[in-house]
Amino acid sequence: MNLMRIRLNLDCPRCGGALFMEENEESVTIYCTRCGLRASWRLRDAARRALRNIDGSLIFDWNSVIDELYLELAINVH
Ligand SMILES: [Zn+2]
């Protein structure tokens with residue numbers, strides 16, 4: 001199983017807790033370890049939004065995925 005988890009340099013918009021991003025074979029998720037707030041995309045949807053063609057090379061732009069998932073978290077706060 002291929003699992004990646006990193007601590008983001010962002011705080012939870014609901015409680016201020018630590019945010020993590022987790023990627024597995026099916027989805028990419030950011031979530032708060034304190035209050036459980038989360039936002040998730042299927043990996044193929046994330047790829048469709050985040051792949052960039054730069055001089056003929058496909059680059060996966062993780063920063064834009066994190067930015068958009070963070071906006072979804074902010075919307076889900078209430
Ligand atoms: Zn939280």
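Predicted model: local features only at pLDDT ≥ 70, side-chain atom pairs only at ≥ 80, totals over all residues.
Me: What does the hairpin of β1 and β2 have between its strands?

Reply: The hairpin of β1 and β2 has six residues between the strands, and Gly16 takes a positive phi near 85° there. Strands β1 and β2 also run antiparallel, with five bridges joining them. Asp11 stands opposite Ala18 of β2.

Me: What is the order of the strands in the open sheet?

Reply: The four strands of the open sheet have the order β1-β2-β3-β4, with antiparallel pairing. To find an edge, look for a strand that pairs on one side only; here these are β1 and β4. On average, neighbouring strands of this sheet are turned by 15° against each other, with direction ignored.

Me: How should I think about the side chains of a strand?

Reply: In a regular strand, side chains alternate between the two faces of the sheet.

Me: How many buried residues does strand β1 have?

Reply: The count is zero among its eight residues, so that β1 is hardly covered, as the cut-off of 20 or more other C-beta atoms within 10 Å decides. Over the chain, 13% of the 78 residues count as buried.

Me: Is Leu19 buried or exposed?

Reply: Leu19, which is found in strand β2, is buried because 24 other C-beta atoms lie within 10 Å. Leaving aside neighbours within four places in sequence, Leu19 is in contact with Leu8, Leu10, Asp11, Cys12, Ile30 and Cys32. The C-alpha atoms of Leu19 and Thr33 are separated by 6.6 Å, although these residues are 14 apart along the chain.

Me: Is Asp55 buried or exposed?

Reply: Asp55 counts as exposed because it has 5 C-beta neighbours inside 10 Å. Asp55 is placed in the loop between β5 and β6. Its phi is near 50°, a positive value in a residue other than glycine.

Me: Which residues make up the largest nonpolar core?

Reply: That core has ten residues: Cys12, Leu19, Val28, Ile30, Tyr31, Cys32, Ala46, Val65, Leu69 and Leu73. Both β3 and α2 supply at least two residues each. The largest share, four residues, comes from β3. For Tyr31, the contacts are Phe20, Leu37 and Arg38, if residues up to four places away in sequence are not counted.

Me: Where does helix α1 lie?

Reply: Helix α1, residues 43-50, lies across β3 and β4 and runs at about 85° to β4.

Me: At what angle do α1 and α2 pack, and how should I describe that arrangement?

Reply: The two helices pack at an angle of about 115°, with their axes 9 Å apart. The category of roughly perpendicular covers 65 to 115 degrees, and α1 and α2 are therefore roughly perpendicular to each other. The crossing of α1 past α2 is right-handed. In this contact, α1 contributes Ala46, Arg49 and Ala50, while α2 contributes Trp62, Ser64, Val65 and Glu68.

Me: Of the contacts between residues at least 6 apart in sequence, what share joins residues at least 24 apart?

Reply: The share is 23%.

Methods:
Residues numbered from 1 in each chain as written. Core = buried A, V, L, I, M, F, W, Y, C linked by C-beta atoms within 7 Å. Buried ≥ 20, exposed ≤ 12 C-beta atoms within 10 Å, placed from the backbone. Contact = placed C-beta atoms within 7 Å. Pairing = 2+ DSSP bridges. Axes fitted to C-alpha atoms, helices over the stretch in contact; angles between N-to-C directions. Parallel < 35°, antiparallel > 145°, perpendicular 65-115°, else oblique. Left-handed = near helix turned anticlockwise from the far one by under 90°.
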